[in-house]
Amino acid sequence: MTLSVHRSVKKFRIPRALLGASLAALVLAGCQVSELATEGAHLAPLTHELKRKISKMGMDQRSPILVRIFKEESALEVWKRDRSGRYQMLKEYEICAWSGELGPKFKEGDRQAPEGFYTVTPGQMNPNSSYHLSFNIGFPNQFDRSHNRTGSHLMVHGDCSSRGCYAMEDDQIEEIYALAREAFRGGQQGFQIQAFPFRMTPENMARHADNKHLAFWEMLKEGSDHFEVTRAEPDVDVCGRRYVFNATPEDGRFSARQDCPAYDVADDVEQLVAAKTQSDLEKRQKLITRAVAKKDRDDRWAEREKAIASFFDRSRSGEDESTETPAASDLVATQVASVGTPVPRPAPRAAGIQTASAKRGGLRFPNPFKRGSAAPVASTSGIDAAPAAAPEVAPSAAQASPQVATANAATTPQANVTPVEPLAYAPAAKEEGGFFSGLAKGSRGIFRRAGSVFN
């Protein structure tokens, strides 16, 4: 709607004689015809708030400007030169949308927003943009062309929609457009755009140290350092397919595709940039070393957690050999060796059941689920007696025939041994400490294994 009003104003309110005189003046001044309108978004005045801020910061409304763009932070900064000749950051705007990823633009149609150093002249301002307002940033520049990079119509514009451009909200682009317009009216021939992947701090450079575009970003950081230490717009040239800043060739001129000739940089600027570069490199190296050490610790801890989880998974599934239950035949052999007489193989019973006769005789069998349980000892009349000596070869109950078992039973002194009924896995006598003591001892193997994993 704004554009339609603007066109109607141009059509009906401007006399032909005045329009002809204005066109003649534009030929000399290099302005665009669309700026003749007395109304329109491209002629919106600076807000009173922004005028007050400009005055408070010691600037003139028509003093030169400089634009810095940071992709990762989605920030566009407008810097303005104060009366001392140094640039100060006037205002930061949030970029509504930018397309592509971190890194330079390579070819037409890749929908990648450019990175580098560009210049915007009055002829690149477009008040009739289909994206409300816009200005062309000047891609490709000499550096881009030296690398055969292609693309066109790369803009900063409104309408919050991007296909390789930096898109702003409409009210934002109106204010930025007005600041550029006033700077041109003040005599600035073109304002510089510095487009970066992120703020060129040691922290950000360390985070992206393994990126394939690091060498390119190192070059951009050099230009950023020139601006930050001088707070003056750096002179940007291209030679040997790379940017050079504030450089004066000793003989000849810079050529983008040819090797750089010998050139000089002002001593004070060169020293300031070198000091900042060295300081940032040292800080970056410390950050990288710290990040590598942290990653190594995280990887080791992840492996340790994986080993611990695997160990407990095996324990729960019964794969731990230390928790396996002794075979029933081994239990019978132990009983035979302790009593000294072959006994029939015990009939299976539920674990923990004990007969009345065993209780009367005080006889206890070892708990098969408890490690280190003592062998059973026969007791007579409540007086402890030493167990009979075990035979040299103690046949198991399975091997003894019924006749041998009967003969042995007939010759065994009944006065010394209490009759024993076949038992299953009867629990051993309670040890000092009770249930929790037995539980702790039974789980000793699990914790021993876990300790070896931690070690």
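This is a predicted model: local features need pLDDT of at least 70, side-chain atom pairs count only at pLDDT 80 or more; totals for chains, interfaces and linings use all residues.
Q: Which residue does a disulfide join to Cys-96?
A: A disulfide is a covalent bond between the sulfur atoms of two cysteines. For Cys-96, the S to S distance in the bonded pair is 1.6 Å, and a pair counts when the sulfurs are within 2.5 Å. The partner is Cys-160.

Q: How many residues apart in sequence are the parts that Cys-96 and Cys-160 tie together?
A: Cys-96 sits in the loop between β3 (87-94) and β4 (97-98). Cys-160 is found in the loop between β8 (155-157) and β9 (166-167), and is partly exposed at 31%. The pair therefore links parts separated in sequence by 64 residues.

Q: Is the disulfide of Cys-96 and Cys-160 left-handed or right-handed?
A: Look at the torsion about the S-S bond, which is about -65° for Cys-96 and Cys-160. That makes this disulfide left-handed.

Q: What is the handedness of the disulfide between Cys-239 and Cys-260?
A: Here the sulfurs of Cys-239 and Cys-260 are 1.8 Å apart. The torsion about their S-S bond is about 95°, so the disulfide is right-handed.

Q: Where does Cys-239 lie, and is it buried or exposed?
A: Cys-239 belongs to strand β11 (residues 236-239), while Cys-260 is in the loop between β13 (248-249) and β14 (263-264). Cys-260 is partly exposed at 29%. Cys-239 has 0% relative accessibility, so it is buried.

Q: What pattern do the disulfides follow?
A: There are two disulfides in the structure: one joins Cys-96 to Cys-160, and one joins Cys-239 to Cys-260. Counting bonded cysteines along the chain, the pattern is 1-2, 3-4.

Q: How far does helix α8 reach from its first C-alpha to its last?
A: Helix α8 covers residues 267-316, which is 50 residues. At 1.5 Å a residue, 74 Å would be expected, and the model comes close to that with 73 Å.

Q: Are α7 and α8 parallel, antiparallel, perpendicular or oblique to each other?
A: Contacts between the two include Val-229 in α7 and Val-273 in α8 among the residues that meet, and Val-273 is one of the buried residues of α8. The helices pack with axes 9 Å apart, at an angle of about 125°, and their crossing is right-handed. Roughly perpendicular covers 65 to 115 degrees and roughly antiparallel needs over 145, so α7 and α8 are oblique.

Definitions and conventions
Residues are numbered from 1 along each chain as its sequence is written. Side-chain values use heavy atoms; hydrogens and water are left out. Helices (H or I, at least four residues) and strands (E, at least two) are DSSP runs, numbered from the N terminus. Buried means under 20% relative accessible area, exposed over 50%, partly exposed in between (1.4 Å probe, protein chains only). The expected span of a helix is 1.5 Å times one less than its number of residues. Axes are lines fitted to C-alpha atoms, for helices over the stretch in contact, and angles run from 0 to 180 degrees between N-to-C directions. Angles under 35 degrees count as roughly parallel, over 145 as roughly antiparallel, 65 to 115 as roughly perpendicular and the rest as oblique. A crossing is left-handed if the near helix is turned anticlockwise from the far one by less than a right angle, and right-handed if clockwise. Contact means heavy atoms within 4.5 Å.
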